[in-house]
There are 2 protein chains.
Amino acid sequence: MEATKHFRKRDAILNCLRSTDVHPSAEWIHEQLKAEHSDISLATVYRNLARFKERGDIVSLGTVNGVERFDGNTNPHVHFICTSCSGVLDLHGVAVPQELNERVSGTGQVNSCQLTFTGKCNQCIKQEETA
Amino acid sequence: MEATKHFRKRDAILNCLRSTDVHPSAEWIHEQLKAEHSDISLATVYRNLARFKERGDIVSLGTVNGVERFDGNTNPHVHFICTSCSGVLDLHGVAVPQELNERVSGTGQVNSCQLTFTGKCNQCIKQEETA
DNA sequence: TCCTAAATGCGAATGATTATCATTTACACC
DNA sequence: GGTGTAAATGATAATCATTCGCATTTAGGA
């Protein structure tokens, strides 16, 4: 049996986000889903992303070039943002030392932390050389 | 002697940003400067912030609640963002281990890195208790 | 079948940021 | 002092991502 029609779109949004590593924007997700759900509204994507975020099912990486980017992987990990192509990459094998969390606890109650490196990714560097 | 009239506003914007620790938005700066420069335009604040950012004189912390926040302190340091009052605090004595930078160099050419903790600040916690 | 609440599509509204353009200012040169 | 030119500014319109309002659709139970 297939999922109920009512939640097909909601699930599709979450699945889309979880099955990509591009750390997409709402609009990117909307574009992807049009293939399967030709009538899906951009508002629905925004609405559900907000809902997922509230519930902690997904995570916001903040905005890149004025557009919010999301991550379906809620395991804490580090990101690399390329200022040239606006791509976001996961940095495996790099982690925020746990002891930092404790050091911060004097300032308030920490819910999450985010470490982001910014620069030019290898792919953009290579493209620049050949150009 | 005073600075030339031409650059008084530009300097005022940078000075304003450098002499506060609230990590302000463009609009906050605009409000502050109205006292000394009653005719300053919000566009001028935005324009100069963009210029400063390009030149590396200031740093953007990304957006909090949809508004970009800036920091006149370009020394790398860690931030705490309160989800309750949208305040941004400096975390002194906490730093990103240098070895991480090197670990990331395989992915691209790193220009900067940003570590941000999110949660509820002590002040908001206290206010909640007494309320 | 009937009812209610949630989910959606559509389009308008919002609001931060940016672009446009006429005006003002600084500064070098005469 | 004028004159010319380029940068800076103010005012306001435009842009664009995001949110809101509302009518419609759907699910699921009585």
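1. Two strands are taken as paired if DSSP finds at least two bridges between them, and the elements themselves are DSSP runs numbered from the N terminus, helices being H or I with at least four residues and strands E with at least two. In strand 4 of chain A, the residue A:Asp90 is the bridge partner of A:His79. Strand 3 (residues 78-82) of chain A and strand 4 of chain A run antiparallel and are joined by 4 bridges.

2. As to provenance, this is a predicted model, in which local features need pLDDT of at least 70 and side-chain atom pairs count only at pLDDT 80 or more, whereas totals for chains, interfaces and linings use all residues. Residues are numbered from 1 along each chain as its sequence is written, chains are lettered from A and ligands numbered from 1 in the order in which they are written, and side-chain values use heavy atoms, with hydrogens and water left out.

3. The open sheet has 6 strands in the order 4(A)-3(A)-5(A)-5(B)-3(B)-4(B), and its pairing is mixed. Its edges are formed by strand 4 (88-91) of chain A and strand 4 (88-91) of chain B, each of which pairs on one side only. From one strand to the next the twist averages 30°, where angles run from 0 to 180 degrees between N-to-C directions and axes are lines fitted to C-alpha atoms, for helices over the stretch in contact.

4. Helix 5 (residues 122-130) of chain A packs on the sheet, touching strand 3 and strand 5 (108-121) of chain A as well as strand 5 (108-121) of chain B, a contact being heavy atoms within 4.5 Å. The direction of this helix makes about 15° with that of strand 5 of chain A. Helix 5 (residues 122-130) of chain B also packs on the sheet, where it touches strand 5 of chain A together with strand 3 (78-82) and strand 5 of chain B.

5. Within chain A, the axes of helix 2 (residues 26-33) and helix 3 (residues 42-55) come within 9 Å and cross at roughly 125°. Helix 2 of chain A is therefore oblique to helix 3 of chain A, since angles under 35 degrees count as roughly parallel, over 145 as roughly antiparallel, 65 to 115 as roughly perpendicular and the rest as oblique. On the helix 2 side, A:Ala26, A:Glu27, A:Ile29 and A:His30 meet A:Leu42, A:Val45, A:Tyr46 and A:Leu49 of helix 3.

6. In chain B, B:Cys16 lies in helix 1 (residues 5-18). B:Cys16 is buried, with a relative accessible area of 11%, buried meaning under 20%, exposed over 50% and partly exposed in between (1.4 Å probe, protein chains only). Not counting residues up to four places away in sequence, B:Cys16 touches B:Trp28, B:Ile29, B:Gln32 and B:Leu33.
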